[in-house]
Every structure is written in C-alpha cells, then in structure tokens.
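User: Could you walk me through this structure? I'd like to start with the surface and then go on to the charged side chains.

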Amino acid sequence: MKTDRDSDTDNRTEATGEERVLRGLGVAGGVAIGRIFFREPSDVPVSERKLAPEEVADELARFETSVEKARRQLRKLRQRATSFHGSSAEELGYLLEAHDQMLQSGHLHSGVAQRIEQEQINAEAAVASEIDAIAETFNAMEDPYLRSRGSEVHHVGQRILRNLTDRYFQSFESLPRNSIIVAEEITPADTALMDPARIGGFAAVLGGAEDIPRSWHVHSACRPCWVFRDS
C-alpha cells in the first residue's frame with residue numbers, strides 16, 4: 001500500500017493491478033512500511049427487549065456493574081498512559097479522566113435508569129438511547145471543542161455496551177512489528193494499548209488534523225498517521 005501524505009484530495013482510491021493507492025491527510029510525519037492490520041468497526045449491535053416488571057431491578061444492577069467495570073478499565077489505561085513520552089502522557093491522562101467523569105455523570109445514570117424503569121427496556125437499549133441523546137446535545141453546540149466531545153460520549157457508551165454484552169475488544173497487543181493499523185476510527189484510549197515496538201503507523205477514516213490530540217502521534221514524533229476522510 002502506498003499512502004500519499006501530502007495530497008489534499010479526500011476519499012479518493014485508485015487501483016492498478018495489485019497495487020492500491022489511498023490518498024488522505026497527513027497528521028504526523030514519517031514513512032512506514034509494514035503489514036496492514038485492519039480493525040473492523042467496533043460499535044456494539046444493540047437490540048431492544050421489553051422487560052417484565054420483576055426484571056427492572058436486575059437491569060439497573062447490570063448497568064451499574066458495567067459502569068464500575070468501565071471505570072476500572074480506564075484506571076488501568078491511565079496507568080499504562082504514564083509510559084508515554086512528554087506531553088502525550090499528560091494529554092491522554094486528561095482524556096481518560098474526562099471519560100471517567102462522563103461515567104460518573106448523574107445525568108447519564110439518571111437518564112439510563114429512567115429509560116429502564118419507565119420504558120421497561122433492557123440496559124443495552126437504554127444506554128444506547130441515552131448516549132445518543134447526550135451526544136446529539138454536544139453535536140449541536142456551536143463551540144468546536146464542545147462539539148467534539150460528542151464523539152467522546154459515544155466512546156464511553158460503547159465501553160459500557162461492551163461490558164454489558166461481554167463483547168471482546170480488539171486490541172493491538174499481539175501484532176507483529178511494524179504493523180500499520182487501518183481502522184474507521186482510532187480513539188485516544190486505543191493509543192494506550194499500542195506497543196511502540198510493534199506499531200509502525202496508523203490510518204483512520206474519521207477525524208482530521210484538528211481532531212487528533214498530540215498523544216495520537218504515538219510514542220515518537222516520527223510515527224506516521226494519516227486520515228482518510230469521507231467526502
């Protein structure tokens with residue numbers, strides 16, 4: 001795969017023989033040659049189920065348990081983030097702390113509980129609906145920074161849903177050296193799971209230079225990163 005970092009043309013693909021060229025926006029400098037690792041979109045599929053009255057208390061408990069598990073996961077990620085260099089560790093720590101604060105949000109807890117109790121739906125459906133509602137509130141804000149928090153709310157919701165459904169999270173810990181990660185989106189929490197000895201670079205569909213925190217220039221200023229943006 002060749003990647004033209006300097007191109008200003010978005011979402012363009014050319015195929016000639018066995019070679020495929022993807023053109024995107026360069027976010028961090030450098031050149032990487034390695035085996036591509038594709039990560040499938042990680043959104044958890046959710047189905048709604050109506051509850052019997054006697055099931056409501058159990059669903060509320062499932063939700064609270066999944067949130068506590070998510071907070072433990074974030075604490076572990078924050079510990080790993082301390083191994084990052086320079087300002088990256090501090091920046092990623094702030095982002096993970098923001099996720100933890102979202103998990104503690106009274107608005108999130110009361111909103112999910114209300115949906116479970118009043119609509120009598122399962123915890124997965126209640127979480128998905130409440131997260132979408134909160135994210136839409138952020139997405140409608142005029143301030144670019146606050147608007148970008150909508151995607152962070154989505155990431156937090158997906159973590160809760162993975163815990164509720166016992167869904168495996170596809171990590172990067174066992175990749176061969178110089179792997180090039182290609183994904184729809186790579187979150188700041190993902191970077192805490194990247195081994196700098198194994199990851200040669202990464203590319204994503206979502207985001208842009210203005211959306212990528214410094215911690216995405218993972219572990220070294222020479223790690224390349226590209227964003228292939230939708231038109």
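Analyst: Accessible areas come from the Shrake-Rupley method with a 1.4 Å probe, and for residues only the protein chains shown count as cover. On that basis the protein chain exposes about 12,400 Å², of which carbon and sulfur atoms supply 48%. This is a predicted model, where local features need pLDDT of at least 70 and side-chain atom pairs count only at pLDDT 80 or more, while totals for chains, interfaces and linings use all residues. Residues are numbered from 1 along each chain as its sequence is written, and side-chain values use heavy atoms, with hydrogens and water left out.

User: How many salt bridges turn up in the whole structure?

Analyst: The search finds eight, a salt bridge being a side-chain nitrogen of Lys or Arg within 4 Å of a carboxyl oxygen of Asp or Glu.

User: Which side chains does Arg-62 meet?

Analyst: Arg-62 forms a salt bridge with Glu-59 (2.9 Å, N to O) and another with Glu-124 (2.7 Å, N to O). Glu-124 lies in helix 4 (residues 123–139) and Arg-62 in helix 1, so this pair ties together parts that are 62 residues apart in sequence; helices are DSSP runs of H or I, at least four residues, numbered from the N terminus.

User: Is Glu-59 buried or exposed?

Analyst: Glu-59 is buried, at 5% relative accessibility, whereas Arg-62 is partly exposed at 29%; buried means under 20% relative accessible area, exposed over 50%, and partly exposed in between (1.4 Å probe, protein chains only).

Definitions and conventions. Helices (H or I, at least four residues) and strands (E, at least two) are DSSP runs, numbered from the N terminus.
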